[in-house]
Amino acid sequence: MPECMINALFGMGNPLLDISAVVDKDFLDKYGLKPNDQILAEEKHKALFDEIVKKSKVEYHAGGSTQNSVKIAQWMIQEPHKVATFFGCIGTDHFSEILKQKAAEAHVDAHYYEQSQEPTGTCAACITGDNRSLVANLAAANCYNKEKHLDVDSNWSLVEKARVYYIAGFFLTVSPESILKVAKHASDNNKIFGLNLSAPFISQFFKEPLMKVMPYVDIVFGNETEAATFAKEQGFETEDIAEIARRVQSLPKVNKNRQRIVVFTQGREDTVATVGDKVKIFPVLDIDQNDIVDTNGAGDAFVGGFLSELVQEKPLEECIRAGHYAANVIIRRVGCTFPEKPDFH
């Protein structure tokens, strides 16, 4: 394993506390929820969060896309602890204490910006049978402040320690100036910066900040839907995923020392990635449909597995193999949770 792994992997994003509980159809109907969905919380959902925590078997998991990924990377690596650093904004409440505790249990070196204007962000996972309806309330996560946190010397020195950087596109809605500062640092110092397209709405409605950071992105992650939306928004006029990967790879790039890598997952279909000037296909691990419990954390897990090998300077093929392994483990469990130790060789 390469020298000085501590803080070698840096992630920044929206820290959310996932609150999952088994509910009944009446509960879903009461709050106008579909059994299998992902939405942002509105006024009418306020009481839902108070009610779900009173359920008998409520579980708390530290969530948020980037935080999930760095946590899985840390789990894959196991030792040393604190290979992964995470920045994000939380409140000063009971939920923030749980988030801090969960990050510590996962051995992630989390440095949260704490403010008292907004409560800690949460995501209610309302489970009925095999389905889960997600209701996200960003709250504090939306209050990340570059000047008050990222720019502080003690925090920025952690950024400088890292060799690999990863930020989910979701954070473009919160602090694009923070992303840009980190991305430029990586580019100027020939380090690796990864970005996830995260969701179709990012490519559609946050196109300007997304394309501002793209020249500094060394690795672009996304799934087939996000890739198609990005291609459409950029006027690529193709729906062929391999061709989209090629086109994304050839977008302008500042650091010419590293050719951009593009990795698109497609659920149970093959993963598509650019390898040098070619586009290659990587089959995912087989899984029995009956073993799939919750596909929600699959994308985050793939990236986490990928990053765990990347930070150890392994070749692309190994990074993808680790990504497939991690995703395969996570979809057998509720939420983005994992067994005590990985079994990846």
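Visitor: What does buried mean here, and what is the relative accessible area of Cys-126?

Guide: Buried means under 20% relative accessible area. This is a predicted model, and in it Cys-126 falls in the buried class. Its relative accessible area is 0%.

Visitor: How many disulfides does a search of the whole structure find?

Guide: A disulfide is a covalent bond between the sulfur atoms of two cysteines. Take Cys-123 as an example: the closest cysteine sulfur, in Cys-126, is 8.6 Å away, too far for a bond. Cys-126 is in no disulfide either. Over the whole structure, the number found is zero.

Visitor: Is Asp-300 buried or exposed?

Guide: Asp-300 is worth a look, as the unreviewed UniProt entry annotates this residue as "active site". You will find Asp-300 in helix α12. Its relative accessible area is 14%, and the limit for the buried class is under 20%. Asp-300 is therefore buried.

Visitor: Which residues is Asp-300 in contact with, leaving aside its neighbours within four places in sequence?

Guide: Start from helix α12, where Asp-300 is found. Once neighbours within four places in sequence are set aside, the contacts of Asp-300 are Ser-65, Asn-68, Ser-69 and Cys-336.

Visitor: At roughly what angle do the axes of helix α12 and helix α13 cross?

Guide: Helix α12 spans residues 298–310 and helix α13 spans residues 316–330. Their crossing is right-handed. The residues of this contact divide into twelve nonpolar, four polar and two charged. The two axes come within 7 Å, and the crossing angle is roughly 140°.

Notes: Residues numbered from 1 in each chain as written. Predicted model: local features only at pLDDT ≥ 70, side-chain atom pairs only at ≥ 80, totals over all residues. Heavy atoms only, no water. Axes fitted to C-alpha atoms, helices over the stretch in contact; angles between N-to-C directions. Helix = DSSP H or I, 4+ residues; strand = E, 2+ residues; numbered from the N terminus. Left-handed = near helix turned anticlockwise from the far one by under 90°. Nonpolar A, V, L, I, M, F, W, Y, C, P; charged D, E, K, R; others polar. Disulfide = S-S within 2.5 Å. Buried < 20%, exposed > 50% of the residue type's maximum accessible area, 1.4 Å probe, protein only. UniProt positions renumbered as here; feature names shortened; annotations may be inferred. Contact = heavy atoms within 4.5 Å.
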